[in-house]
Amino acid sequence: MATTAPGAGELRELLAGRIRDVPDYPEPGILFKDITPLLADPEAFGALTAALAGLCRERGATKVVGLEARGFILAAPAAVRAGLGFVPVRKAGKLPGATLSQAYELEYGSAEIEIHAEDLVPDDRVLVIDDVLATGGTAEASLRLIRRTGARVAGVAVLMELGFLPGRARLEAALEGAPLDVVLTV
């Protein structure tokens, strides 16, 4: 993790203490990790933003992509703090104008994401930021989409990795050697 005001261990402790477990949401048997208390705490949110901005600089990013929807909340302030542009990757049909789309398979079905065709160029190095790495489908599809623009992937950074799910294994091949940075593993 990037050097921040608090040390890496202190950062993890600060952030983990601001993530609330919500049992049986959105359905019975699911333990939802709610980051809204972290976002409401200016010290925790500021420390996370600083750490993510540091990763942008470490990875040589020229643009930051945030994945819909909670990835927007983390990626946009990190991009601003690092002095970089922010590019949203959205669910299909949410962006006006010319877009590139990427379909991908979910555990039970399929989905599609889009990016504005002109927002990334071949000279860009893109850091993808999201809140959670779970099964890895959206992150994997975003890397394919970024490469289709001609831009290069600088890496993926997430606040939380759900270590009991196969997201890392699914994402490793798609990263093609680019780093995966995880602040917390739960």
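Where does Ala 69 lie, and between which strand and which helix is that loop found?

Author: The model is a predicted one, in which local features need pLDDT of at least 70, side-chain atom pairs count only at pLDDT 80 or more, and totals for chains, interfaces and linings use all residues. Residues are numbered from 1 along each chain as its sequence is written, and side-chain values use heavy atoms, without hydrogens or water.

Ala 69 belongs to the loop that runs between strand S3 (63-67) and H4; helices (H or I, at least four residues) and strands (E, at least two) are DSSP runs numbered from the N terminus. The peptide bond joining Glu 68 to Ala 69 is cis, with omega at about -5°.

Another cis peptide bond links Tyr 25 and Pro 26, where omega is about 5°. Pro 26 sits in the loop between strand S1 (20-23) and S2, and Asp 24 lies in the loop between S1 and S2 as well. Although Asp 24 is not a glycine, its phi is positive, at about 60°. With 49% relative accessibility, Asp 24 counts as partly exposed, since that class lies between buried (under 20% relative accessible area) and exposed (over 50%), using a 1.4 Å probe and protein chains only. Glu 176, likewise not a glycine, has a positive phi of about 50°. Its loop connects helix H6 (167-175) and S9, and at a relative accessible area of 61% Glu 176 is exposed.

Beyond its neighbours within four places in sequence, Leu 52 is in contact (heavy atoms within 4.5 Å) with Leu 74, Ala 78, Ile 129 and Ala 157.

In H1, Leu 11, Leu 14 and Leu 15 are the buried residues. Viewed down the axis of H1, they fall within an arc of 90° and so line one face of the helix, the arc being taken from the directions from the axis to the C-beta atoms. These buried residues pack against helix H2 (36-40), H3, S8 and S9.
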